Amino acid sequence: MSDSWDLIVVGGGAAGFFAAITAAESRPGLRVLILEKTAHVLGKVKISGGGRCNVTHDCADPRELANNYPRGSKSLIGPLHRWGAADTVAWFEQRGVNLKTEKDGRMFPVTDDSQTIINCLTTAAENAGVAIRTSTAVESITHDETKNSFHLVTGQGEELPASSVLLATGGTRLAAGARLAQSLGHKLIADVPSLFAFNIDDPRIDDLPGVSVPDSEVTVEGMKLTANGPLLITHHGLSGPGILKLSAWGARELHASNYRFTITVNWIPGQDAAAILTSTRQTWGKRQVRSQAPFDNIPKRLWQRLCDAAEVSADCIWSQLGKETTQKLTTELTRGRYQVSSKSTNKDEFVTCGGVSLKDVNLKTMESKLLPGLYFAGEVLDIDGITGGFNFQNAWTGGRLAGLAIAEK
Ligand SMILES: Cc1cc2nc3c(=O)[nH]c(=O)nc-3n(C[C@H](O)[C@H](O)[C@H](O)COP(=O)(O)OP(=O)(O)OC[C@H]3O[C@@H](n4cnc5c(N)ncnc54)[C@H](O)[C@@H]3O)c2cc1C
């Protein structure tokens, strides 16, 4: 058996590196080892943000930041107070990596190259004396109560003892990592898809792929789920940020419904449909109703489909639009009901949520409540953010808090 390590980090991703660097920098001399099962560390950082790495989000308020996590939002308020987006920005800047903010708040290295982040993290780890082994998967972990130490067994059969262990093995789809947590008594919250499009077979949106509406409000009936945002009509139904947000916030309920549910779409949120239709009847009296929508954001082809659904006849002019048809058109514009029959299986949009239950983790220190000396950080936990840099922020925050707590032990 090899010499004992003070800390073994399982998983050489964003969370694992941040924790290892923090622990080693905070307590020089601490023996820290990162074990990574693939041939390269920080593989997800490399491909993240289209190769640019969306490091974090420009949001100084921890509560506001926490609102971007469909799973974990309340639990993260405390941790984000202790290590928020501004701390992440300062940390990288102190190490010579400047970040820039895009219009939507996403932050990237000014180089637009994820390798800048990888170089920064690997250099910081090296300078702090962190040992790193790649192509080394941890197969099992046991805890020896009498010696109060952990024993890790690698794929090569090597046994490594450690006083503390941090599990930072990423999402549960890479189920081996999460199973390590389970083998040590931790409950796993089942993983379900998040961020997917809705498949809808409906004449109102058939054959209109690519047609988009810049703002909409979509509600899932019976589930208290509503999201605002742009909508995109696809070959199979609806997508776009408004739908993806809904799929993330409703991941568990939508999964439980077997992806069969009804949505209502408001194509013109914030606009008074009935009043606008009435005034258009007066101003455009002789024009054909179907020829143009009196709403800037509704493309003509979609407007014509909504007119079809409201039974507006082909040659009807505005002055002939009756009360009943006006009402039907108002309903189509603001409360049109659409049956979702399944979800998309587009791999690019396929993200899962789930992981180690937060109930068993002290989120001040990221230490297990069940087994002292065992820590968690990053995506292995039942926390997931919407896109925009929030997932890495969770990894930096968890890694930082775990690293500090381990160094202070
Ligand atoms: C294509 C893509 C793009 C993304 N872009 C962004 C973005 O721009 N911004 C953002 O905020 N988020 C982004 N994300 C999400 C982000 O990458 C993750 O949230 C983040 O990487 C989680 O960090 P982590 O350290 O918890 O896990 P990971 O980065 O997944 O690291 C876990 C590591 O553990 C290793 N491992 C697993 N099991 C074992 C084991 N048994 N033994 C040893 N090693 C093990 C894995 O090989 C892996 O290297 C993206 C995700 C994807 C898939």
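In the structure, which is a predicted model, a backbone N or O atom of Gly 389 lies 3.4 Å from an oxygen atom of the ligand, a polar contact being a pair of N or O atoms within 3.5 Å, where within protein one must be able to donate a hydrogen and the other to accept it, and residues adjacent in sequence count only if both atoms are side-chain atoms. A backbone N or O atom of Asn 391 is likewise found 3.4 Å from an oxygen atom of the ligand, and for Phe 392 the corresponding distance is 2.8 Å. Taken alone, the ligand exposes 990 Å², of which the protein buries 85%, with accessible areas computed by the Shrake-Rupley method with a 1.4 Å probe and, for residues, with only the protein chains shown counting as cover. The ligand is surrounded by 27 residues, each having a heavy atom within 4 Å of it, and the closest are Ala 15, Glu 36, Asn 54, Glu 379 and Phe 392.

Residues are numbered from 1 along each chain as its sequence is written. Local features need pLDDT of at least 70, side-chain atom pairs count only at pLDDT 80 or more, totals for chains, interfaces and linings use all residues, and side-chain values use heavy atoms, with hydrogens and water left out.

The domain assignment, which is automatic or from a database, gives domain 1 (5-191 + 354-408) and domain 2 (196-349), whose centres, taken over C-alpha atoms, are separated by 41 Å. Contact, defined as heavy atoms within 4.5 Å, joins 10 residues of domain 1 to 4 residues of domain 2. The area buried between the two domains, that is, the accessible area (1.4 Å probe) lost on putting them together, summed over both, is about 550 Å², and carbon and sulfur atoms give 55% of it.

Across this interface the rule finds 1 salt bridge, a side-chain nitrogen of Lys or Arg within 4 Å of a carboxyl oxygen of Asp or Glu.
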